[in-house]
Amino acid sequence: MSILPDLTHTQSDWRKVKRTNNQKTYFVIGLFFLIYFSLGMLVDVYIYSGQYHNAPLSTIFVALITFQLFPLVTLIMLGIAAISILVTFTLHDQLMLLGTEYHEITPNTAKSLEEKQLYNVIEEMIIAAGLRYMPKVYIIDADYMNAFASGYSEKSAMVAITRGLMEKLSRSELQAVMAHELSHIRHNDIKLTLMASVLANLMIMVLDIVFYNAIFSRRDNNEKRNGLLFIIIILRYLLPIINILLLLYLSRTREYMADAGSVELLRDNKPLASALLKINDDHTKNQDHYNQAYQQTPHENVRREAYIYDPTQAGISPMSSLADAFSTHPNLKDRLAALGFKYGK
(Lines give C-alpha, C1' and ligand atoms only; values in the text may rest on other atoms or scores of the structure.)
Protein backbone atom coordinates (compact mmCIF):
# COMPACT_ATOMS: atom_id res chain seq x y z
CA MET A 1 0.00 0.00 0.00
CA SER A 2 1.34 3.41 -0.95
CA ILE A 3 0.07 6.66 0.50
CA LEU A 4 -0.96 9.33 -1.96
CA PRO A 5 1.55 12.20 -1.61
CA ASP A 6 -0.98 15.02 -1.62
CA LEU A 7 -3.95 14.28 0.58
CA THR A 8 -6.54 17.05 0.51
CA HIS A 9 -8.91 17.18 3.46
CA THR A 10 -11.94 19.47 3.68
CA GLN A 11 -14.26 19.71 6.66
CA SER A 12 -17.75 18.31 6.13
CA ASP A 13 -20.80 20.41 6.97
CA TRP A 14 -22.28 17.91 9.43
CA ARG A 15 -25.22 20.18 10.27
CA LYS A 16 -26.27 20.18 6.62
CA VAL A 17 -25.75 16.41 6.50
CA LYS A 18 -27.94 16.06 9.59
CA ARG A 19 -30.77 18.08 8.00
CA THR A 20 -30.51 16.05 4.80
CA ASN A 21 -30.64 12.76 6.69
CA ASN A 22 -33.73 13.91 8.59
CA GLN A 23 -35.44 14.64 5.27
CA LYS A 24 -34.40 11.24 3.91
CA THR A 25 -35.77 9.56 7.04
CA TYR A 26 -39.19 11.12 6.51
CA PHE A 27 -39.05 10.09 2.85
CA VAL A 28 -38.24 6.48 3.81
CA ILE A 29 -41.08 6.36 6.36
CA GLY A 30 -43.50 7.85 3.82
CA LEU A 31 -42.35 5.40 1.15
CA PHE A 32 -42.93 2.38 3.40
CA PHE A 33 -46.38 3.64 4.40
CA LEU A 34 -47.16 3.98 0.68
CA ILE A 35 -45.94 0.43 -0.01
CA TYR A 36 -47.95 -0.99 2.90
CA PHE A 37 -51.03 0.93 1.70
CA SER A 38 -50.56 -0.33 -1.86
CA LEU A 39 -50.16 -3.95 -0.71
CA GLY A 40 -53.27 -3.71 1.46
CA MET A 41 -55.30 -2.09 -1.29
CA LEU A 42 -54.15 -4.71 -3.79
CA VAL A 43 -55.29 -7.54 -1.50
CA ASP A 44 -58.62 -5.79 -0.82
CA VAL A 45 -59.24 -5.39 -4.53
CA TYR A 46 -58.27 -9.04 -5.00
CA ILE A 47 -60.79 -10.14 -2.34
CA TYR A 48 -63.68 -7.99 -3.54
CA SER A 49 -63.08 -8.87 -7.19
CA GLY A 50 -64.13 -12.41 -6.27
CA GLN A 51 -67.39 -11.11 -4.80
CA TYR A 52 -68.21 -8.65 -7.57
CA HIS A 53 -67.32 -10.52 -10.75
CA ASN A 54 -68.90 -7.98 -13.10
CA ALA A 55 -67.47 -4.83 -11.49
CA PRO A 56 -64.38 -3.25 -13.10
CA LEU A 57 -61.29 -3.14 -10.89
CA SER A 58 -61.26 0.67 -11.05
CA THR A 59 -64.80 0.76 -9.63
CA ILE A 60 -63.80 -1.53 -6.75
CA PHE A 61 -60.73 0.62 -6.05
CA VAL A 62 -62.81 3.84 -5.90
CA ALA A 63 -65.35 2.13 -3.65
CA LEU A 64 -62.55 1.11 -1.29
CA ILE A 65 -60.87 4.52 -1.00
CA THR A 66 -64.29 6.20 -0.50
CA PHE A 67 -65.24 3.55 2.11
CA GLN A 68 -68.25 2.36 0.13
CA LEU A 69 -66.51 -0.98 0.59
CA PHE A 70 -64.61 -1.49 3.84
CA PRO A 71 -60.82 -1.68 3.15
CA LEU A 72 -60.09 -4.11 5.97
CA VAL A 73 -56.73 -5.40 4.75
CA THR A 74 -55.54 -1.89 3.84
CA LEU A 75 -56.30 -0.62 7.34
CA ILE A 76 -54.61 -3.66 8.87
CA MET A 77 -51.51 -3.03 6.73
CA LEU A 78 -51.39 0.65 7.72
CA GLY A 79 -51.80 -0.43 11.34
CA ILE A 80 -48.89 -2.85 10.96
CA ALA A 81 -46.78 -0.03 9.47
CA ALA A 82 -47.61 2.30 12.37
CA ILE A 83 -46.95 -0.38 14.99
CA SER A 84 -43.68 -1.31 13.23
CA ILE A 85 -42.46 2.29 13.48
CA LEU A 86 -43.52 2.53 17.14
CA VAL A 87 -41.79 -0.76 18.00
CA THR A 88 -38.69 0.29 16.04
CA PHE A 89 -38.39 3.52 18.01
CA THR A 90 -39.17 1.88 21.36
CA LEU A 91 -37.09 -1.29 21.10
CA HIS A 92 -34.42 -0.26 18.59
CA ASP A 93 -31.47 -1.54 20.64
CA GLN A 94 -33.02 -4.96 21.24
CA LEU A 95 -34.00 -5.21 17.57
CA MET A 96 -30.51 -4.35 16.35
CA LEU A 97 -28.90 -6.83 18.77
CA LEU A 98 -31.47 -9.56 18.16
CA GLY A 99 -29.90 -13.01 17.84
CA THR A 100 -26.51 -12.06 19.28
CA GLU A 101 -24.93 -12.72 22.67
CA TYR A 102 -24.07 -9.34 24.12
CA HIS A 103 -23.62 -7.34 27.30
CA GLU A 104 -23.63 -3.63 28.04
CA ILE A 105 -20.54 -2.01 29.49
CA THR A 106 -20.35 1.03 31.76
CA PRO A 107 -17.51 2.41 33.89
CA ASN A 108 -18.77 0.18 36.71
CA THR A 109 -19.43 -3.02 34.74
CA ALA A 110 -16.37 -3.16 32.46
CA LYS A 111 -14.90 -6.64 32.97
CA SER A 112 -11.43 -6.21 31.48
CA LEU A 113 -8.79 -3.64 30.60
CA GLU A 114 -9.91 -3.84 26.96
CA GLU A 115 -13.49 -2.95 27.89
CA LYS A 116 -12.33 -0.06 30.11
CA GLN A 117 -10.10 1.20 27.30
CA LEU A 118 -12.99 0.98 24.84
CA TYR A 119 -15.26 3.00 27.11
CA ASN A 120 -12.53 5.61 27.65
CA VAL A 121 -11.93 5.85 23.89
CA ILE A 122 -15.64 6.46 23.26
CA GLU A 123 -15.71 9.14 25.97
CA GLU A 124 -12.74 10.86 24.31
CA MET A 125 -14.39 10.75 20.89
CA ILE A 126 -17.68 12.06 22.34
CA ILE A 127 -15.84 15.17 23.48
CA ALA A 128 -14.04 15.53 20.14
CA ALA A 129 -17.32 15.19 18.22
CA GLY A 130 -19.10 17.71 20.41
CA LEU A 131 -21.89 15.29 21.28
CA ARG A 132 -23.92 15.89 24.42
CA TYR A 133 -24.85 12.33 25.34
CA MET A 134 -22.90 9.14 25.92
CA PRO A 135 -24.37 6.30 23.85
CA LYS A 136 -25.03 2.89 25.34
CA VAL A 137 -22.05 0.65 24.65
CA TYR A 138 -22.51 -3.05 23.90
CA ILE A 139 -19.98 -5.84 23.37
CA ILE A 140 -21.15 -8.61 21.03
CA ASP A 141 -19.53 -11.93 21.87
CA ALA A 142 -18.22 -12.79 18.38
CA ASP A 143 -14.78 -13.47 16.93
CA TYR A 144 -15.33 -11.51 13.72
CA MET A 145 -14.41 -7.84 13.59
CA ASN A 146 -17.34 -5.46 13.13
CA ALA A 147 -19.17 -2.57 14.75
CA PHE A 148 -22.26 -0.44 14.25
CA ALA A 149 -24.17 2.48 15.71
CA SER A 150 -27.94 2.77 15.92
CA GLY A 151 -30.77 4.73 17.50
CA TYR A 152 -33.35 7.35 16.57
CA SER A 153 -31.57 10.33 18.14
CA GLU A 154 -28.31 11.31 19.78
CA LYS A 155 -29.87 10.79 23.22
CA SER A 156 -31.07 7.26 22.41
CA ALA A 157 -27.98 6.18 20.48
CA MET A 158 -26.08 2.94 20.98
CA VAL A 159 -22.76 1.60 19.78
CA ALA A 160 -22.09 -2.14 19.44
CA ILE A 161 -18.62 -3.65 18.94
CA THR A 162 -17.71 -7.28 18.52
CA ARG A 163 -15.20 -8.75 20.94
CA GLY A 164 -12.96 -9.62 17.99
CA LEU A 165 -12.75 -6.00 16.87
CA MET A 166 -12.10 -4.73 20.39
CA GLU A 167 -9.25 -7.21 20.97
CA LYS A 168 -7.55 -7.09 17.56
CA LEU A 169 -7.25 -3.33 16.92
CA SER A 170 -4.66 -0.98 18.38
CA ARG A 171 -5.85 1.94 20.46
CA SER A 172 -5.51 4.44 17.59
CA GLU A 173 -7.37 2.10 15.22
CA LEU A 174 -10.09 1.63 17.82
CA GLN A 175 -10.33 5.41 18.13
CA ALA A 176 -10.78 5.68 14.36
CA VAL A 177 -13.56 3.07 14.28
CA MET A 178 -15.35 4.71 17.22
CA ALA A 179 -14.97 8.10 15.56
CA HIS A 180 -16.58 6.57 12.45
CA GLU A 181 -19.52 5.22 14.46
CA LEU A 182 -19.96 8.44 16.42
CA SER A 183 -19.96 10.32 13.11
CA HIS A 184 -23.03 8.30 12.18
CA ILE A 185 -24.65 9.57 15.38
CA ARG A 186 -23.42 13.11 14.72
CA HIS A 187 -24.84 13.05 11.19
CA ASN A 188 -28.13 11.60 12.49
CA ASP A 189 -28.08 8.88 9.84
CA ILE A 190 -28.50 6.22 12.54
CA LYS A 191 -32.24 6.96 12.53
CA LEU A 192 -32.32 6.76 8.74
CA THR A 193 -30.59 3.38 8.65
CA LEU A 194 -32.62 2.05 11.57
CA MET A 195 -35.93 2.89 9.90
CA ALA A 196 -34.87 1.72 6.44
CA SER A 197 -33.35 -1.56 7.65
CA VAL A 198 -36.01 -2.66 10.14
CA LEU A 199 -39.01 -1.53 8.09
CA ALA A 200 -37.59 -3.10 4.94
CA ASN A 201 -37.22 -6.49 6.60
CA LEU A 202 -40.69 -6.25 8.16
CA MET A 203 -42.10 -5.30 4.75
CA ILE A 204 -40.60 -8.41 3.15
CA MET A 205 -42.10 -10.56 5.92
CA VAL A 206 -45.56 -9.04 5.35
CA LEU A 207 -45.16 -9.40 1.59
CA ASP A 208 -44.39 -13.10 2.04
CA ILE A 209 -47.59 -13.52 4.06
CA VAL A 210 -49.63 -11.75 1.36
CA PHE A 211 -47.93 -13.79 -1.36
CA TYR A 212 -48.52 -17.22 0.19
CA ASN A 213 -52.10 -16.38 1.21
CA ALA A 214 -52.87 -15.30 -2.35
CA ILE A 215 -51.28 -18.46 -3.75
CA PHE A 216 -53.03 -20.92 -1.45
CA SER A 217 -56.43 -19.19 -1.29
CA ARG A 218 -57.22 -19.44 -5.01
CA ARG A 219 -60.71 -20.77 -5.47
CA ASP A 220 -61.60 -19.92 -9.05
CA ASN A 221 -60.15 -19.03 -12.42
CA ASN A 222 -61.59 -15.53 -12.55
CA GLU A 223 -59.52 -13.55 -15.05
CA LYS A 224 -59.36 -10.41 -12.90
CA ARG A 225 -58.24 -12.34 -9.83
CA ASN A 226 -55.62 -14.16 -11.86
CA GLY A 227 -54.33 -10.78 -13.06
CA LEU A 228 -54.11 -9.44 -9.50
CA LEU A 229 -52.40 -12.63 -8.37
CA PHE A 230 -49.84 -12.14 -11.13
CA ILE A 231 -49.18 -8.59 -9.87
CA ILE A 232 -48.67 -9.92 -6.30
CA ILE A 233 -46.20 -12.52 -7.59
CA ILE A 234 -44.27 -9.82 -9.49
CA LEU A 235 -44.16 -7.61 -6.38
CA ARG A 236 -42.91 -10.56 -4.31
CA TYR A 237 -39.69 -10.54 -6.33
CA LEU A 238 -39.53 -6.87 -7.39
CA LEU A 239 -39.95 -5.08 -4.05
CA PRO A 240 -36.91 -6.70 -2.37
CA ILE A 241 -34.77 -5.48 -5.27
CA ILE A 242 -36.23 -1.96 -5.00
CA ASN A 243 -35.62 -2.17 -1.27
CA ILE A 244 -31.96 -3.10 -1.65
CA LEU A 245 -31.40 -0.34 -4.24
CA LEU A 246 -32.70 2.17 -1.71
CA LEU A 247 -30.47 0.74 1.01
CA LEU A 248 -27.49 0.72 -1.37
CA TYR A 249 -27.92 4.44 -1.97
CA LEU A 250 -28.41 5.27 1.71
CA SER A 251 -25.62 3.04 3.04
CA ARG A 252 -22.89 3.94 0.57
CA THR A 253 -23.44 7.66 1.02
CA ARG A 254 -23.44 7.44 4.80
CA GLU A 255 -20.28 5.29 4.93
CA TYR A 256 -18.24 7.82 2.96
CA MET A 257 -19.50 10.62 5.21
CA ALA A 258 -18.70 8.68 8.40
CA ASP A 259 -15.20 7.85 7.10
CA ALA A 260 -14.65 11.56 6.44
CA GLY A 261 -16.02 12.35 9.90
CA SER A 262 -13.53 9.96 11.49
CA VAL A 263 -10.60 11.64 9.73
CA GLU A 264 -11.94 15.05 10.75
CA LEU A 265 -12.17 14.08 14.43
CA LEU A 266 -8.73 12.42 14.58
CA ARG A 267 -7.00 14.82 12.17
CA ASP A 268 -5.34 11.73 10.73
CA ASN A 269 -6.36 9.39 7.91
CA LYS A 270 -4.01 6.50 8.73
CA PRO A 271 -5.76 4.85 11.75
CA LEU A 272 -9.08 4.31 9.95
CA ALA A 273 -7.36 3.05 6.79
CA SER A 274 -5.31 0.64 8.90
CA ALA A 275 -8.42 -0.52 10.80
CA LEU A 276 -10.37 -1.16 7.58
CA LEU A 277 -7.47 -3.18 6.17
CA LYS A 278 -7.19 -5.24 9.36
CA ILE A 279 -10.93 -5.94 9.37
CA ASN A 280 -10.88 -6.96 5.72
CA ASP A 281 -7.77 -9.15 6.11
CA ASP A 282 -9.21 -10.79 9.22
CA HIS A 283 -12.44 -11.67 7.39
CA THR A 284 -10.50 -12.98 4.39
CA LYS A 285 -8.18 -15.19 6.48
CA ASN A 286 -11.04 -16.59 8.56
CA GLN A 287 -13.60 -16.76 5.77
CA ASP A 288 -14.92 -20.25 6.49
CA HIS A 289 -15.13 -19.75 10.26
CA TYR A 290 -16.79 -16.34 9.98
CA ASN A 291 -19.14 -17.50 7.24
CA GLN A 292 -20.48 -20.12 9.64
CA ALA A 293 -20.63 -17.61 12.51
CA TYR A 294 -22.61 -15.04 10.51
CA GLN A 295 -24.99 -17.67 9.14
CA GLN A 296 -25.66 -19.10 12.58
CA THR A 297 -26.44 -15.67 14.04
CA PRO A 298 -30.13 -14.84 13.48
CA HIS A 299 -31.26 -11.52 12.02
CA GLU A 300 -27.90 -10.51 10.57
CA ASN A 301 -29.80 -8.91 7.68
CA VAL A 302 -31.10 -6.26 10.11
CA ARG A 303 -27.56 -5.25 11.12
CA ARG A 304 -25.89 -5.55 7.73
CA GLU A 305 -26.52 -1.98 6.54
CA ALA A 306 -25.31 -0.58 9.87
CA TYR A 307 -22.01 -2.49 10.05
CA ILE A 308 -18.77 -0.61 9.40
CA TYR A 309 -17.71 -3.52 7.17
CA ASP A 310 -19.91 -5.59 4.88
CA PRO A 311 -18.70 -9.23 5.22
CA THR A 312 -19.86 -10.12 1.71
CA GLN A 313 -16.86 -8.15 0.42
CA ALA A 314 -14.61 -10.89 1.83
CA GLY A 315 -16.62 -13.63 0.15
CA ILE A 316 -18.83 -14.24 3.20
CA SER A 317 -22.55 -14.60 2.56
CA PRO A 318 -24.47 -14.25 5.83
CA MET A 319 -27.80 -13.62 4.13
CA SER A 320 -30.05 -15.78 2.00
CA SER A 321 -32.26 -13.60 -0.17
CA LEU A 322 -31.56 -12.40 -3.69
CA ALA A 323 -31.38 -8.79 -2.52
CA ASP A 324 -28.59 -9.67 -0.09
CA ALA A 325 -26.30 -10.58 -2.99
CA PHE A 326 -25.55 -6.86 -3.35
CA SER A 327 -23.05 -5.11 -1.09
CA THR A 328 -24.54 -2.20 0.82
CA HIS A 329 -21.12 -0.60 1.38
CA PRO A 330 -18.57 0.98 -0.96
CA ASN A 331 -15.79 -1.49 -1.71
CA LEU A 332 -12.58 -1.28 0.30
CA LYS A 333 -10.54 0.11 -2.59
CA ASP A 334 -12.92 3.06 -3.05
CA ARG A 335 -13.11 3.78 0.67
CA LEU A 336 -9.32 3.81 1.00
CA ALA A 337 -9.03 5.99 -2.09
CA ALA A 338 -11.44 8.48 -0.51
CA LEU A 339 -9.22 8.46 2.59
CA GLY A 340 -6.15 9.19 0.47
CA PHE A 341 -4.68 5.72 0.05
CA LYS A 342 -4.11 3.45 -2.92
CA TYR A 343 -5.05 -0.18 -2.38
CA GLY A 344 -4.22 -2.90 -4.89
CA LYS A 345 -3.89 -2.32 -8.62
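Predicted model: local features only at pLDDT ≥ 70, side-chain atom pairs only at ≥ 80, totals over all residues.
**Exercise 1.** Classify the ring pair of Y144 and Y290, and find which parts of the chain it ties together.

*Solution.* The structure holds six aromatic pairs. In the pair of Y144 and Y290, the ring centres are 6.2 Å apart and the planes stand at 75°; because planes over 60 degrees apart count as edge-to-face, the pair is edge-to-face. Y144 lies in the loop between β3 (136-140) and β4 (147-150), whereas Y290 belongs to helix α11 (residues 287-296), so the pair ties together parts that are 146 residues apart in sequence.

**Exercise 2.** Repeat the analysis for F148 and Y307, and state which cluster the ring pairs form.

*Solution.* With ring centres 5.9 Å apart and planes at 70°, the pair of F148 and Y307 is edge-to-face. F148 is in strand β4 and Y307 in the loop between α12 (300-303) and α13 (332-339), so this pair ties together parts 159 residues apart in sequence. F148 counts as buried at 0% relative accessibility, and Y307 counts as buried at 1%. Ring pairs link Y144, F148, Y290, Y294 and Y307 into a cluster.

**Exercise 3.** Identify the residues of the nonpolar patch on the surface, and locate F67.

*Solution.* The patch is formed by F67, F70, L72, L75, I76 and I80, which together have about 550 Å² of accessible area. F67 is found in the loop between α2 (57-65) and α3 (72-90).

Terms used
Residues numbered from 1 in each chain as written. Heavy atoms only, no water. Patch = residues over 30% accessible without salt bridge, like charges linked within 9 Å, V, L, I, M, F, W, Y side chains within 5 Å. Areas by Shrake-Rupley, 256 points an atom, 1.4 Å probe, with all protein chains shown as cover. Salt bridge = Lys/Arg side-chain N within 4 Å of Asp/Glu carboxyl O. Helix = DSSP H or I, 4+ residues; strand = E, 2+ residues; numbered from the N terminus. Phe/Tyr/Trp six-rings, centres within 6.5 Å; stacked < 30°, edge-to-face > 60°. Buried < 20%, exposed > 50% of the residue type's maximum accessible area, 1.4 Å probe, protein only.
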